[in-house]
Amino acid sequence: MRRADLADADCGIAQALGVLEDWWTFLIVRDVAGGTTRFDALQRELGVSRRALTERLGALVEHGVLERRPYSQHPPRYDYLLTRKGEALLPVLLALQDWGTRHVMGDGELTATAEAGSAEARRAHDLVGRRLPEVRLSGPDGLPVAPAAAGEWTVLYFFPGAYAPGAAGGYPPGWGEIPGARGCTVESTTYADRYADFRAAGAQVRGVSTQRPDQLADFVAYTRLPFPLLSDQDGRLAAGLLLPTFRAGGVARLKRLTLLVDAAAVVRAVQFPVTDPAGSVDEMLDLVHRSRPA
């Protein structure tokens with residue numbers, strides 16, 4: 001099939017490829033999702049020519065994937081931001097990342113963890129120094145919440161899935177056989193047990209999963225957690241930070257990972273892989289003590 005035929009094809013995949021014409025386009029969407037929204041910064045990150053970047057940004061704006069928002073009048077300069085149509089591409093990016101990590105860089109095994117020296121682990125630890133993208137996640141009541149507490153240091157622990165007993169849509173079949181998947185309840189309850197210590201050290205605690213807000217609310221009520229669990233069910237934060245993911249039960253899941261974020265929403269420390277969910281909590285508390293200014 002010739003590229004000229006794609007726009008008239010009845011296949012949704014072909015029509016999508018008529019918009020997302022090449023790999024540069026996917027990388028532009030990836031970087032914009034991560035907070036790189038200005039032309040010069042995108043060019044530096046991608047190493048693409050100015051002409052090629054101009055053409056692809058123009059096409060994405062024309063197709064409604066990106067919108068231009070001026071930040072300077074003289075000379076005219078713009079931020080390129082994802083539209084609702086563009087945000088709908090984020091699960092596609094996560095699926096591509098998961099497929100590449102598992103089947104291209106990996107051996108095809110389904111796992112909720114990673115080897116300490118793997119490319120996935122290096123990418124996670126490269127988040128140190130990165131500012132969190134300006135996204136909002138759904139709180140237990142469904143209202144939007146910033147991932148990090150405003151003006152405070154925050155421990156963000158990401159987990160695959162935790163469910164209250166008898167809750168609808170619980171663990172998928174074979175969950176216990178997926179390496180690294182188990183341990184979410186003990187991790188959360190250990191953070192609850194240490195919550196006063198984290199607060200005394202000057203840090204908030206928040207958990208993040210791709211589960212629905214109601215599922216997380218049920219789990220918070222069951223375990224009586226003193227901190228919120230936030231839902232990244234649309235993958236905005238996961239795609240923005242390129243967090244490690246896997247798929248189970250037809251749902252994209254976050255691999256167990258913890259970030260220490262400072263009061264300016266900059267990542268100061270990363271725990272990944274997390275092989276001891278309970279022990280990692282005390283390790284993170286020590287990191288808070290060592291990282292925060294006296």
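UniProt, in an unreviewed entry, places the feature "domain: HTH hxlR-type" at residues 11-108; UniProt positions follow the numbering used here, feature names are shortened, and annotations may be inferred rather than shown by experiment. This is a predicted model, where local features need pLDDT of at least 70, side-chain atom pairs count only at pLDDT 80 or more, and totals for chains, interfaces and linings use all residues. Residues are numbered from 1 along each chain as its sequence is written, and side-chain values use heavy atoms, leaving out hydrogens and water.

The span of residues 11-108 is 60% helix and 13% strand, and its end C-alpha atoms lie 28 Å apart. Helices (H or I, at least four residues) and strands (E, at least two) are DSSP runs, numbered from the N terminus.

Now look at H2 (residues 23-33) and H3 (residues 39-46), which pack at about 120 degrees with axes 11 Å apart. Axes are lines fitted to C-alpha atoms, for helices over the stretch in contact, and angles run from 0 to 180 degrees between N-to-C directions. H2 is therefore oblique to H3 (under 35 degrees is roughly parallel, over 145 roughly antiparallel, 65 to 115 roughly perpendicular, the rest oblique). On the H2 side, the contact (heavy atoms within 4.5 Å) includes Trp24 and Leu27, and on the H3 side Leu42 and Glu45 are among the residues involved.

Further along, H8 (residues 184-193) packs with H12 (residues 279-291) at about 40 degrees, their axes 8 Å apart. That angle makes H8 oblique to H12 as well. Here Glu187, Thr190 and Tyr191 of H8 meet Ser280, Val281 and Met284 of H12.
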